[in-house]
Amino acid sequence: MTASVFGASNVPRHALLACIACVIAGCGGGGGSAGTISPPPPPTSTAGLSARPSNTTCIAGDRPVDATGSFALESAPAFPNLSFQTLSDLKQAPGDNDFWYVLELRGVIRRFANDPAVDATDLMMDIRSRVSDLGPGSDTGAVGFTFHPNYPTDPRIFITYTVAIPNRFVIHVSSFRTNDGGQTFDPNSETVLLEVEKTNVYHDGGFLAFGPDGFLYVGIGDGGGYGDDHPPIGNGQKTQTVMGKVLRIDVSGSSGTVPYRIPASNPFAGNPACNVNGTSTSNCPEIFAWGFRNPFRGSFDRSTGQLWIGDVGQERWEEADRVTLGGNYGWRCFEGTGVFNSDCGTAQNLLPPVVQFANPGGSAMIGGYVYRGQAIPLLRGKFVFADFLKGAFFVDATATPTVTKVFGGDPSLGDGKDIGVGGIVAFAEDQAGEIYIADYFGSVVKLTATGIGSGPSLPSQLSQTGCVDSSNPSSPATGLIPYAPAAPFWSDDAIKRRWIALPNNSRIDVSAASGDWDFPNGTVLMKDFSIGNQLVETRFFMRHNDGSWAGYTYEWNAAQSEATRVTGGKDVTVAGQVWHIPSEAECLSCHTQAAGRSLGLETAQLNSNFSYPSQPSPPFTGRTDNQLHTLAAVDLFAPALTQDPASLPALPDPYGSTGTLAERARAWLHTNCSQCHRPNGGAPSTMDLRYSTAMDQTNTCNADPANTLGVANARLIKPSDPDGSIVYLRMNRRGANQMPPLASNLVDTRGAQLLRDWIAGMNSTCQ
């Protein structure tokens, strides 16, 4: 009886998140030691297997319906016949799914029907004469709006905008009313709630939303700037100003001379209001939380009421925060979790971000929503956010986060405008909790999903998968064939064992041109990771019945008796070492289509000797043989492999002594980098780091890098100068600008020395 153990799905198809992270983490193919590998001598007369083992239990079936994260998130034009001028924000009125409202940066609000075929809009209000919109390079304009939660019974909307006053920079947070039953908003009905004067055009904030408590929450930036002309300033930690804060006010009535009340539980309630220029001699009672740089976008989780804020970073880190009453979120003592200003005063108990990502320049965190809709069940409970230029992402809203790319680019890798959204400026929820995205350049798209599985649920225990001995899960099932690549992947020094499980009567198609292997539907690739003598993780990379690939992982318990499935990824500490268990999406991020998905299984990688085990029982022999010869001998290839392995390409072991220094260095780059750095590999770079590519065609020699890391006259590869070579410098660091950008916590010191020696010995043409 055939046991179809897994049914997975696609993860984000445009994934660039951590393009090489999975290689370092070792998702589903390559690395480590599962036998003794040596260069390929003439094949032995007796193969390492006496026959093809029968596999009836370890087979990938339909994609499972409950494979969290294992689906393809996409975007679709929501209203293809509409476009707007510098779109700023997007909302529906409370309880009304018939219309959408958009705010344009210049100070115009439009309404249109919630119909994909809509081709016209209604002008709701025009306050362009009051709004200062200085365009790109500033934070001015009408940047955010929201409805009163009891609208239209309470007929007010609330807008935050920069006032057009000569030689001054003033933020207004104002209310406007509809006096005609919601057909327009009256520009003459403005009540200015807050007025904040600044010294420049930067960091206005923009977040504006009502909380489940009925109070209005307002994000105001710290008023700092960029560069020497407008250096960062310390308003985030000054509680005598509303700048660099999330405020909370009660707009149900006025109090004294101000048109709002102060909630009694605010940290500094009872003090005089900071309504005059946003400052006071005492702590501002409007403050809900502080320590922000530019809280531009955020939302309340409609299920839990939790407030999420995206805080735009300065030059190194973008961050998202779960904001609580009285919380101090660190700026400018910290940017993300990194110290920004060591002389920051006596601020205590600074709260770290939930998630952060590196800012290589031009980035901006756009906070979104925790998804609570129905259309994408596997996204529920995830906080969806974006980088303005480089794509959209999500993170688990309740656990230690693992960032997963939705679409677009990787914040650490560069621009990724591949979805028709050139600049994600805001997210919106409809009444059902489905997520829409506003593009600064004028379009609206809807978050959709494809590839949600319909197969059986995944086993929660490794012993139940049919791919291991159920009584001893550390041993493979009898139908699996062990293998090892000649040039192993770096996986933070883990020891690895790997196996192939093919459905009976199926075969591997080998590309004559590239040597890549194409596996049949139903294939399972399995790999164990150990640190020292301790099993940490078992990973599967599977090709399901619809031809899609997906990765899954199981974490071993301390007793080494069982492993339990992990979804969404996590970090664990083993023997004092932090080990990253990748999410399903991370696996597909580096197992690219361009590289044939399976990565380590290709002709040049398996053209090496392998010591086959003697157990389980025959056809396993205990003999050593060339892997290509053995697999061909048991009829695993179609068409049959008839060439002598000695006549076929072979990669040297980067850490071995066979092959020249250049060949071993190129093998390291091929294994660890080329799945993304090749034509159509997805990386925003023209580098081609495949072993078979001639050096002068790799686009690395004396080539200008996108990120110089602050190194003068840096090049991707600078002949005879490894310290000026970005390819070497990025793989030899961890933290900001590391390569891979995440998932690895340890530098491959032997690999780094290999690349250093190679570059140091180059002539002017990188030979």
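The model is predicted, so local features need pLDDT of at least 70 and side-chain atom pairs count only at pLDDT 80 or more, while totals for chains, interfaces and linings use all residues. Residues are numbered from 1 along each chain as its sequence is written, and side-chain values use heavy atoms, with hydrogens and water left out.

Me: Why is the pair of cysteine 58 and cysteine 467 called a disulfide?
Reply: A disulfide is a pair of cysteine sulfur atoms within 2.5 Å, and because the S to S distance of cysteine 58 and cysteine 467 is 2.0 Å, the pair meets that definition.

Me: What makes the disulfide of cysteine 274 and cysteine 284 left-handed?
Reply: The torsion about their S-S bond is about -90°, and therefore the link is left-handed.

Me: How do you know whether cysteine 274 is buried or exposed?
Reply: Buried means under 20% relative accessible area, exposed over 50% and partly exposed in between, with a 1.4 Å probe and protein chains only; cysteine 274 has a relative accessible area of 1%, so this residue is buried.

Me: What makes the disulfide of cysteine 701 and cysteine 766 right-handed?
Reply: Here the torsion about the S-S bond is about 90°, so the disulfide is right-handed.
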